Each structure stands twice: as C-alpha cells, then as structure tokens.
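Thanks, everyone, for making the time.

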Amino acid sequence: MGTNVLEVRNVTKSFGKLLAVNRLSFEVKKGSILGIAGPNGAGKTTLFNVISGIYPCEGSIMFADKDISGQKPYTISRLGIARTFQFPAVFSSLSVYKNIEIGAYYGGGYTKADIDEKVCSVMDYLDIRDRADLIIEDLPLYDKKMVMLGAALATDPEIIMLDEPLGGLSPREIQMSSDIFKKINGDLGVTLIIIEHLMKYLIALSDEMLILNEGQKIYFGSPEEVVNDDYVIKVYLGEDHEHA
Ligand SMILES: Nc1ncnc2c1ncn2[C@@H]1O[C@H](COP(=O)(O)OP(=O)(O)OP(=O)(O)O)[C@@H](O)[C@H]1O
Ligand SMILES: [Mg+2]
C-alpha cells in the first residue's frame, strides 16, 4: 500500500452551533484519486476550506508528516496543496494567461524569466493556449474551469482539490475533463481530491471514496461498493438512483 500524502485527524469546524465538519478523520494515499460526495450542506466545501487554510479548525491535518492546520492559505499553497472552487473563482476582467500567471506567482518558486515558460506549458497541457489573450468573463464555463485548474497546476502542487469540477458541463466536456484529471494524476503523479455530485463519473475516476453527511464520515472505501451501502442509499443516493 502506498504512503499517505494527507491525514485528516479528528477535524471539527463549527459555525456558531452548526458543526459543518464534525470529528472527521480520513487518509489520502499519495498518487491516488479520492472522491468525496454527500448531500448539500454535508460539509464538503467546508472541508476544502479547512484543508486549504481559509478557516481554522480543531484537530490536525498532516501533509506529508507536517501539521498544516492553522497555516495561512498562501503557505499551504506553497507547500503543495492547490484547489479549485465550486463557483469559478477567476479574475474575470483578466486574460487566461494572466490568471494562470497569478497562480504561478502565488504558488511561488518562479522568477520573472521562467514564469512565461511555466504559464505556456500549463496552457499547452490543458489545450487552452489559443485562448491565452481572451478575457475570462467572455469565456464559456468549461474554459473558466480549465483556467482555474491551470492556475492550480501552475503552483506545481502535490495535491489538487477540485470542488464540483464537472457540474454544469455537457457530457462531452465532462468526458474531456475526466480525461484531463486522469492524465494529471497518472502522468504527473498529482494526488487528486474531487468533490462531485455526478456519482457515475466520480466512481469512474476514484480509487477510494468518502461520503459525508452532516459533517461526518458515513462511508470510506471502494467506489464500486458505495452504491450498495444501505446508509449511503438512505441519506444520499435514494432507492432509485442511477449509477451505471
Ligand atoms: N461561512 C459560513 N458561515 C456559516 N455557515 C456556513 C459557512 N460556510 C458553510 N456554512 C454551512 O455549513 C454547512 C456545510 O456547508 P458546505 O458548503 O461545506 O456544504 P457542501 O457539502 O459543500 O454542500 P453543497 O453540495 O451544496 O456544495 C451548511 O449548513 C452551510 O450552510
Ligand atoms: Mg460545496
């Protein structure tokens, strides 16, 4: 079995009386793809916000033997954890190139001399170089999502956390995105943690799956078995779910 790149230990994040993440523990194997699903409000995005340092939390988050809980977002980014957002978080009035360049600066380690090479290589990798000079607000959702992914990739991450990367896309765009995620994972060895409601596609991508409900883990294990889990069916999938 591979080593763990991330260990979430007994993590709790509350908003007033609401326990958005409740004593949650799980591990992510280096080089794997972990899929996360669960009902609306289950705490999925809050978990990403806690791991990426946007919110403080109780408990510990170990990233390759280092406790990163309580660190600032830019520190966590520089250590090697990047993310995308559920609602495209891009600089809308700037170009594709500029957005990815900002990611590269944020992730650190680049001089002015080699930043152009980095940005161009990321745009080539995601096949968006022909849109380098276009302004983000004029672009379709798929391109916006690719730019967010590009900004994350430009930080040279060990882990990328993707928050609902497939939502709102056409079947063809979903397939293209899934192929890119597999390539980033397989070729570059980047560990991926993917939140997604589209279970069919998430199951196809994931090595392991975590299902959350009311901030707690209700399932962790194989993607194939998740659709047969009685409790997951009861609180999330429903009896008549389609997953094939
Ligand atoms: N900044 C905040 N202040 C107060 N409550 C919050 C905040 N962020 C999230 N919450 C609450 O925490 C709970 C978990 O929200 P979260 O966004 O993590 O859910 P989610 O699993 O990502 O849901 P979805 O599938 O709809 O994206 C919800 O009840 C939400 O209203
Ligand atoms: Mg969410």
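A nitrogen atom of ligand 1 lies 3.0 Å from an N or O atom in the side chain of Tyr-55, and I count that as a polar contact, meaning a pair of N or O atoms within 3.5 Å, where within protein one must be able to donate a hydrogen and the other to accept it, and residues adjacent in sequence count only if both atoms are side-chain atoms. Taken alone, ligand 1 exposes 640 Å², of which the protein buries 64%; accessible areas here come from the Shrake-Rupley method with a 1.4 Å probe, and for residues only the protein chains shown count as cover.

Let me say at once what kind of model this is. It is a predicted model, in which local features need pLDDT of at least 70 and side-chain atom pairs count only at pLDDT 80 or more, while totals for chains, interfaces and linings use all residues. Residues are numbered from 1 along each chain as its sequence is written, chains are lettered from A and ligands numbered from 1 in the order in which they are written, and side-chain values use heavy atoms, with hydrogens and water left out.

Back to the ligand. An oxygen atom of ligand 1 is 2.6 Å from an N or O atom in the side chain of Thr-46, and an oxygen atom of ligand 1 is 2.9 Å from an N or O atom in the side chain of His-197. Helix 1 gives the largest share, 3 residues.

How many residues surround ligand 1? There are 15, and the closest are Asn-40, Gly-41, Lys-44, Thr-46 and Gln-86, a residue being near a molecule or strand if one of its heavy atoms lies within 4 Å of it. By class, the shell holds 6 nonpolar, 7 polar and 2 charged residues; in this scheme Ala, Val, Leu, Ile, Met, Phe, Trp, Tyr, Cys and Pro count as nonpolar, Asp, Glu, Lys and Arg as charged, and the others, Gly among them, as polar.

Now to the strands. Strand 2 pairs with strand 1 (residues 4–15) in the antiparallel sense over 8 bridges, and two strands are said to pair if DSSP finds at least two bridges between them. Within that pairing, Val-8 has Phe-26 in strand 2 as its bridge partner, and Phe-15 stands opposite Leu-18 in strand 2. The two strands form a hairpin with 2 residues between them, and Gly-16 in the turn has a positive phi of about 60 degrees. Asn-10, in strand 1, also has a positive phi, near 55 degrees, in a residue other than glycine.

A search of the whole structure finds 8 salt bridges, each a side-chain nitrogen of Lys or Arg within 4 Å of a carboxyl oxygen of Asp or Glu. One of them joins Glu-101 and Lys-98 at 2.9 Å, N to O, and both residues lie in helix 3 (residues 96–107), 3 residues apart, about one turn of the helix.

Lys-118 and Asp-156 meet in a salt bridge at 2.8 Å, N to O. This pair links distant parts of the chain, with Lys-118 in helix 4 (residues 112–125) and Asp-156 in the loop between helix 5 (141–153) and strand 7 (159–163), 38 residues apart. Here Lys-118 is buried at 16% relative accessibility, and Asp-156 is partly exposed at 47%.

Note on methods:
Helices (H or I, at least four residues) and strands (E, at least two) are DSSP runs, numbered from the N terminus. Buried means under 20% relative accessible area, exposed over 50%, partly exposed in between (1.4 Å probe, protein chains only).
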